[in-house]
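The sequence and structure come first.

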Amino acid sequence: MTEGKRHIVYEKKQRVATVILNRPKSLNALNTDLLTELLDSLQDAETDSKVQAIVITGAGDKAFCAGADIEELLEKSPLEASEWSQWVQGILTHLEKQKKPVIAKINGFCLGGGLELAMACDFRIATEKAIFGQPEINLAIIPGGGGTQRLTRLIGKTKAMEMLMTGDHIAAEEAFRLSLVNRIVPADELDAAVDVFIKRLLTKSTVTLAIIKDAVNRGIEMDLEHALQYEAKCFGDALATEDARKGLKAFLVKQKSPKV
Ligand code: CO8
């Protein structure tokens, strides 16, 4: 399943596709080849109907991802940098729009482009030792993979501005307090914690999960009036599904919903 891939390990097991960023010697830094392979893996996971959830993680025990590959960045002209930023943003937006739930399993440093990647996922589950940050300012550059925007939306302007302008790292506990991550667990419990979380999701209606995801992600970009209208449309879409018919009827005869 990883044929032709040098910087990504891609596996599919029991309805879950796992994408491992695999450049541990560079703390899984994101270069163009890795990002191309990431996109390719995501497209496969999206189109494979057997896959119902996606996990993204980093190889080794030191880093999820330490950001964009700094060596590669230095080679770019300003125009190339801007075009590359748009290309990366496109991949991360593609990831965010995946219908299937995506979990970032964060096993260490989660910095710069690495945090941008994690923020495009639906959930972030991290070890207690994980470290987060947007340190680009310390290189006199800025995040170009959506960091200035997604971080602000996730944790609010006050703390986002502080993280972006100081470049300071924050510990996992602080990331949890800021709602940047969903769970923090001891390192040796990370695999189990992600498995338990995914198993919960897999008991739910796949089509309804996709509708919730779309309603949240689109609604957050609208004013409340339009967002509520959109929610009402999604509510109708959900009710029209076979799963909703089964779920509602099951309740009335005091049975569990088929997938619960
Ligand atoms: N790019 C390239 N190589 C890296 C990177 C990186 N981002 N991070 C670490 N490495 C390499 C180091 O050069 C080192 O290589 P070598 O062994 O050959 O010297 C190896 O990984 C191990 O790193 P360290 O020796 O530095 O390990 P430490 O434990 O001492 O430090 C740190 C770990 C704190 C994570 C440190 O490596 C560090 O600060 N790394 C850079 C973090 C950073 O600044 N990230 C932001 C990069 S810019 C960016 O992400 C912009 C995003 C723009 C677009 C979005 C793309 C998706």
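In this predicted model, R23 sits in the loop that joins β2 to α1. R23 has a relative accessibility of 16%, below the 20% cut-off, and therefore counts as buried. Apart from neighbours within four places in sequence, the contacts of R23 are H7, N28, A29, N31, L34 and D69. One of these contacts, L34, is also among the buried residues of α1.

Helix α1 covers residues 32–47. Its 16 residues, at 1.5 Å each, should span 22 Å, and the end C-alpha atoms lie 23 Å apart, which agrees. Its buried residues are L34, L35, E37, L38, S41, L42 and A45. Viewed down the axis of α1, these residues fall within an arc of 160°, so they line one face of the helix. In general, an α-helix has 3.6 residues a turn, so residues three or four places apart point the same way.

The elements that cover the buried residues of α1 include those below.

| Element | Residues |
|---|---|
| β1 | 8–13 |
| β2 | 16–21 |
| β3 | 53–58 |
| α3 | 78–97 |
| α4 | 113–119 |

How does α1 pack against α3, and at what angle do their axes cross? The two axes come within 10 Å and cross at roughly 25°. Because that angle is under 35 degrees, α1 and α3 are roughly parallel to each other. The crossing of α1 past α3 is left-handed. On the α1 side the contacts are made by T32, L35, T36, L38, L39, L42, Q43 and E46. On the α3 side they are made by W84, W87, V88, I91, H94 and L95.

How values were computed:
Residues are numbered from 1 along each chain as its sequence is written. This is a predicted model: local features need pLDDT of at least 70, side-chain atom pairs count only at pLDDT 80 or more; totals for chains, interfaces and linings use all residues. Side-chain values use heavy atoms; hydrogens and water are left out. Helices (H or I, at least four residues) and strands (E, at least two) are DSSP runs, numbered from the N terminus. The expected span of a helix is 1.5 Å times one less than its number of residues. Buried means under 20% relative accessible area, exposed over 50%, partly exposed in between (1.4 Å probe, protein chains only). The arc is that of the directions from the helix axis to the C-beta atoms. Contact means heavy atoms within 4.5 Å. Axes are lines fitted to C-alpha atoms, for helices over the stretch in contact, and angles run from 0 to 180 degrees between N-to-C directions. Angles under 35 degrees count as roughly parallel, over 145 as roughly antiparallel, 65 to 115 as roughly perpendicular and the rest as oblique. A crossing is left-handed if the near helix is turned anticlockwise from the far one by less than a right angle, and right-handed if clockwise.
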